[in-house]
Amino acid sequence: MTARLSAADIARRVAQDVPDGAYVNLGIGMPMKVADHIPPGREFVLHSENGLLGMGPAPAPDAVDPDLTNAGKQPVTIVPGGAYFHQADSFAMIRGGHIDVSILGAYQVAANGDIANWSLGGSKPPAVGGAMDLVAGARRVWVMLSSHVAKDGASKLVERCSLPLTGLACVDRIYSDLAVIEIDADGFLVTDILDGLGENELAAQTGAPLRFAPGCRRLRAELT
Amino acid sequence: MIDKRYTSAAAAVADCEDLRDGAVILIGGFGDAGVPERLIDAVRERGLSDLTIVSNNAGSGDYGLARLLASGCAARMVCSFPRSSGSVVFEELYEAGRIELEIVPQGTLAERIRAGGAGVPAFYTATGYGTPLAEGKETREFDGRHYVMERAIRADVALIHAATGDRFGNLTYAKTARNFNPIMAMAARTTLAEVRTTVDMVDPEVVVTPGIFVDRIVEVGA
């Protein structure tokens with residue numbers, strides 16, 4: 001089997017699907033990498049839910065401004081055309097359906113589009129942030145998975161989520177290290193599969209039935 | 001003459017009648033951006049008890065909000081993300097069962113505060129429907145979609161941070177340090193603002209929080 005996709009490969013593949021001019025919210029962690037792979041000639045406006053549109057890359061160490069951070073509390077910059085606003089406006093953008101695409105990570109995604117990405121249980125205090133608002137409010141919800149299968153061997157793509165839900169029937173598409181999968185009324189539909197990976201091999205690593213789109217594309221890891 | 005300026009954070013909190021045991025206190029900020037640290041310190045020194053603190057995060061390190069919580073003055077925290085890196089104080093209190101936590105989706109928290117400030121007692125949102133955070137809450141269907149009813153938050157006191165202010169209480173903010181501050185200013189019986197600088201008059205075209213929402217302001221410098 002060929003190499004699985006790296007986080008950068010997945011981010012590059014996701015970025016190809018974001019339309020020019022889209023208002024996009026990138027979750028903390030791996031989804032942030034999408035910003036590094038915006039195709040030439042395309043312009044995305046990045047929304048950061050703490051109150052920023054037009055989020056730019058991290059500043060040079062000597063140009064850090066503690067008043068300018070992202071949702072992960074990391075220093076960022078603002079690009080031309082950007083704006084600052086308060087929390088109620090920021091979440092009106094999300095909850096009012098103004099954000100075109102929300103790209104986030106997940107522990108589990110179900111064939112009916114349910115997502116669990118905020119709680120693993122345990123004794124630590126729970127923390128939700130803006131995840132429930134994003135999955136309920138963004139026009140499209142895409143999930144990025146650095147690995148199709150969790151460390152314990154269980155697939156992150158399941159028939160029904162067993163972890164506490166973030167939202168119901170809201171995920172439109174999944175990008176993993178093995179495949180790109182649409183979720184429609186009949187469940188998982190594979191549109192892209194890792195080059196060299198058999199359909200049965202992908203199915204064996206997925207916790208719910210798969211259908212394969214006609215002309216299913218091949219994903220290749222790039223040497224970076 | 002209207003003049004809402006106080007000479008120090010301690011003076012601003014000293015005779016504030018809404019700051020009392022059992023009070024509900026809104027505290028602005030997101031992470032370390034836009035946190036009214038001097039006012040928080042001044043409130044801590046009042047030695048109150050049984051407070052309910054409403055803030056997006058639960059503080060980090062041993063300063064500001066974390067230090068306030070460490071003093072044991074708070075019985076309850078309403079918050080969207082109390083588990084930031086370095087939020088050791090809150091985690092210890094929580095795991096020891098010494099503080100109650102109400103976890104709220106960030107947008108629902110913002111809208112509950114905005115609604116409180118706007119005189120709206122409750123509203124419906126799709127956020128959280130079907131999740132553990134909607135358990136026990138009234139739900140309703142509109143146009144084929146399910147929504148959860150959420151109650152507004154009204155507080156006794158709001159502590160907020162701003163960039164500039166004038167004697168009328170008009171405020172402007174700095175970049176993403178704005179965050180929860182403008183909506184919290186609207187939702188409390190008494191709003192105390194710490195500002196980096198006071199000016200004769202904030203340009204009316206750039207006022208973000210009009211002075212009607214602000215009761216006391218303190219200049220604290222950068």
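Buried residues have under 20% relative accessible area, exposed residues over 50%, and partly exposed residues lie in between (1.4 Å probe, protein chains only). The model is predicted: local features need pLDDT of at least 70, side-chain atom pairs count only at pLDDT 80 or more, and totals for chains, interfaces and linings use all residues. Residues are numbered from 1 along each chain as its sequence is written, chains are lettered from A, and side-chain values use heavy atoms, with hydrogens and water left out.

View 1. Asp65(A) and Lys175(B) form a salt bridge (a side-chain nitrogen of Lys or Arg within 4 Å of a carboxyl oxygen of Asp or Glu), with an N to O distance of 2.9 Å. Helices (H or I, at least four residues) and strands (E, at least two) are DSSP runs, numbered from the N terminus. Lys175(B) is partly exposed at 31% relative accessibility.

**View 2. The salt bridge of Arg4(A) and Asp177(A).** The N to O distance in this pair is 3.2 Å. Arg4(A) belongs to the segment before α1 (7–17) and Asp177(A) to the loop between β10 (173–175) and β11 (179–184) of chain A, so the pair ties together parts 173 residues apart in sequence. Arg4(A) is partly exposed at 36% relative accessibility, whereas Asp177(A) is buried at 3%.

View 3. Arg114(B) has a relative accessible area of 31% and is partly exposed.

**View 4. The largest pocket.** Its volume is about 970 Å³. On a 1 Å grid over the protein atoms alone, a pocket is an open set of points where a 1.4 Å probe fits, with protein on both sides within 12 Å along at least five of seven lines; lining residues have an atom within 4 Å of a point. Grid points are joined across faces, edges and corners, and the volume is the space filled by probe spheres set on the points. Of the 44 lining residues, Ile28(A), Gly105(A), Ala106(A), Tyr107(A) and Asn117(A) are closest to the centre. β1 (23–26) and α3 (131–137) of chain A each give two or more residues to the lining.
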